[in-house]
Amino acid sequence: MIRILCIVLFSFGSLLAFGNEIKVEKNISGIILDAESREPLAYATVAVYYNGTLIDGIITKEDGKFSMKVKPGDYLLKVEFLSYKTFEKQITLKDHLDLGVIALQVDLQALEAVEVNAERSKVELKLDKKVFNVGKDLLAQNGSLSQVLDNVPSVAVDLEGVVSLRGNTNVSVLINGKPSVLATNNSLDQISAQNIERIEVITNPSSRYQAAGTAGIINVILKKNKLEGFSGSVSLSSGSPADYNFNTHLNYKTKKFNFFSTFGYRFVDNIITQDVNQSSIVNGHTVILDQVAEEKRNAKIKSLFIGADYFINDQNTITASFYKTLRRFKNNTSYHYDYFDDQTMLDSTLVRYENYLEPQDHNQLELSYVKTFDKEGQKLTLDFQYDFWDDDEMENLTTHQVGITESDPLFSRTRDIESSKDYLVQLDFIRPFNKNAIFETGLRGETRIITSDYKVEEFDGANWEIYKDIANVLDYKEEIGGAYVQVSNKVNKFSYQLGLRAEITKISISDKKNVFKDSKKYTNLFPTAHLTYSFTESTNMQLSYSKRINRPGFWYLNPFGGLAELNTQRQGNPDMDPAFTNVFELGFLTQWGELSINPSIYFHHTTAYFEFYTDRDADGVLITKPINLDHENRIGFELSTTYTPYKWLRLSGELNYYSYQQRGDFNDQNFDFDDSSWFTRISSRVKLPSNFTLQASYNFRGENESAQTIIKSRYFMDLGMSKNLLRNNATLTLNVRNLLNSREEYLTRTGENFNYQSHRKIKGPRYSLTFNYRFNQKSNTKNRRPGASNR
């Protein structure tokens, strides 16, 4: 690790020296806006010419601002942006020159000739976040948000849909900057990849974001409206194994109104196999279990999103939208159990069949109001969000012994009827003092109420009877109130952002039988600091700090789990405490022509960190549940890079290495553990003749260990190819996920008197063909409203 740190520090010093060799004299700055909406135009090209020769050029930032340094003289300034008329102006540079606002007019004639290859890069590296533009990713043309995230830098998704950031699962997933039950319930596959515009990975968020997520925040930005008039897109996909997807986006915009809608349907099959070898000591004798399982998963998902903007005037906008998802999971799983004695002689054989049905009905209502002011950049935003959903889980189980002796079938079933109501109100205000100094403040309140009615029954030949007294109603309530202030400023090459967030949390859990009644209330302050120094316009360094929290949600606290498997069960822990993390990060970003390099060093100190603990119950069943341990220290190095040596070739890659120290005791067992791990991802994108594009991605994740668990290293590869058709208004994409048939997980878990080994695998590669047709669109889509955070 010391060697790595030395290399990084040496690289920083070399780059700093390189930046200091550049001698510049005068500065040209300004801001590029849309002439009609007055919204900033990010990634517009600003160039300076002398006698027709290009002297220097730059692209605008997210806020539309640009700044470049050129020697004094007479120049032609040219501003270009896709589908806008080119702006040209003769300038005489004697001293620093602030051009102020430059408003670009939409070029309606150019819209018909927009080329897809002018879209943004797939991955954009920034100091405070990484931006993954889904529209450029061929591997995301079909499928769901979970599959998209698995191709995002620093992010990984396991076979059960659990998301991790830099190897840490304590990550907060937001939808358009707000929490969503789709993210908290591991239901990210409900969101179609066709609906996603970009994904922002924020490893050290500022105080304007909620404090949840000790590893950081993944913010999923869904697509917004298009141009005035009628526009939209239609997408059709077919895959093998069965994966059929239909999505349509329609938008109609006038001077006063903007109507938008999305409808989608997906039908998908998956097959997951599992082999288990388990040895346990029961009453002084060794019992060996060999288990084979095959799970056939089917999902049918229908989604509808409708809404409208009302532009009261140039400074006031009201938006209302409604989102509905109907999802039906149906899984059929067969289990085969062979039990052996300590002499490895077959003792008995059992078979078990599970029919699992989970219908979900999720609804979300959003209301938003945005007010802008005469002062550029000043804005007030008020958001209200109401989620209400039903989630029913039903298992029907048939178990019988088939060897060495046979028995009559045993019938059992479980039922979990869940419902939730979630409320969110958020107020944000931004007030610039000048072009460099900005003040921000906001308030936030959210409430979540979940009810779970759970019971397990066995059939005694005549009636269904409650099994082991497992029948209860659990009520969960979560209330969070927050407020923040944040100031930022820039002085010459140095800029800073300082913030403070306060959050009040109350979480209560109770049940009908008064067994799990508990309530916890706590108030915490979460300071943040981001210090940035710009050596040159393209070379920056940032030191940042934030304090984060990981609250145990309903999934962690709910004591009831499924009973599908005879030998293992998962349960919640109603006595979980929140975990707190202090995050320090030093990041560096430089661009040398077509090469972007973004190394960073990070350190996390987490108290009461979450770990999963496995133990045997009185019946010999392995019970896994979350617990709090004392603390974890994690230090890591990450390197992200993109390189475009030619217009037809783009390469990107990342490397993340981290070591960790875990300390704590539970049930008189010590969980102290030290280890390290790493992962890497390499991607390439090649533009071929005749409007063909080829993309490949390779992922490798090193072995990961904790006190009880070892997950072996794994790798996988995805491949995609696309062709633009119909004057670039349509795209045909073929992609292959899991090309090497290597999406699998080898897991070993050990504890007192047991050893458990599991091999889980997604069966075979997945092929899909997607046709997407766009009408009346341009690739650079304007926001539906200033600072819109809604869909």
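**Notebook: surface, patches and salt bridges**

Accessible areas here come from the Shrake-Rupley method with a 1.4 Å probe, and for residues only the protein chains shown count as cover. I noted that this is a predicted model, in which local features need pLDDT of at least 70 and side-chain atom pairs count only at pLDDT 80 or more, while totals for chains, interfaces and linings use all residues. Residues are numbered from 1 along each chain as its sequence is written, and side-chain values use heavy atoms, with hydrogens and water left out.

**Overall make-up**

I found four helices and 45 strands in the chain. Helices (H or I, at least four residues) and strands (E, at least two) are DSSP runs, numbered from the N terminus. Of the 791 residues, 52% are buried; buried means under 20% relative accessible area, exposed over 50%, and partly exposed in between (1.4 Å probe, protein chains only). I also looked at contacts (heavy atoms within 4.5 Å). Among those between residues at least 6 apart in sequence, 66% join residues at least 24 apart.

**Surface patches**

Which residues make the nonpolar surface patch? I listed F230, L250, Y252, F257, F259, Y310, I312 and I318, which together cover about 680 Å². Strands β16 (243-253), β17 (257-282) and β18 each give two or more residues to this patch. Y252 lies in β16 and counts as partly exposed, at 41% relative accessibility.

I then turned to charge and found K61, K69, K490 and K493 gathered in a patch of positive charge on the surface. K490 belongs to strand β24 (residues 464-491) and is partly exposed, with a relative accessible area of 36%. My note on the rules: patches are made of residues with over 30% relative accessible area and no salt bridge, with like charges joined within 9 Å and nonpolar side chains (Val, Leu, Ile, Met, Phe, Trp, Tyr) within 5 Å. Lys and Arg count as positive and Asp and Glu as negative, while His and the chain ends are not counted. The place of a charge is NZ of Lys, CZ of Arg, CG of Asp or CD of Glu.

**Salt bridges**

How many salt bridges does the structure hold? I have 24 in my notes, each being a side-chain nitrogen of Lys or Arg within 4 Å of a carboxyl oxygen of Asp or Glu.

K78 and E88 meet in one of them, at 3.7 Å from N to O. K78 sits in strand β5 (residues 73-80) and E88 in strand β6 (residues 87-93), 10 residues apart. K78 is buried at 19% relative accessibility, whereas E88 is partly exposed at 48%.

E638 pairs with R166, their closest N and O atoms being 2.9 Å apart. This pair spans 472 residues, from E638 in strand β33 (residues 631-646) to R166 in the loop between β11 (163-165) and β12 (171-175). Both E638 and R166 are buried.

K513 and D469 form a salt bridge too, at 3.3 Å from N to O. K513 lies in the loop between β25 (494-511) and β26 (518-536) and D469 in strand β24, so the pair ties together parts 44 residues apart in sequence. K513 is partly exposed at 36%, and D469 is exposed at 59%. Shared partners also join R166, E585 and E638 into one salt-bridge network.
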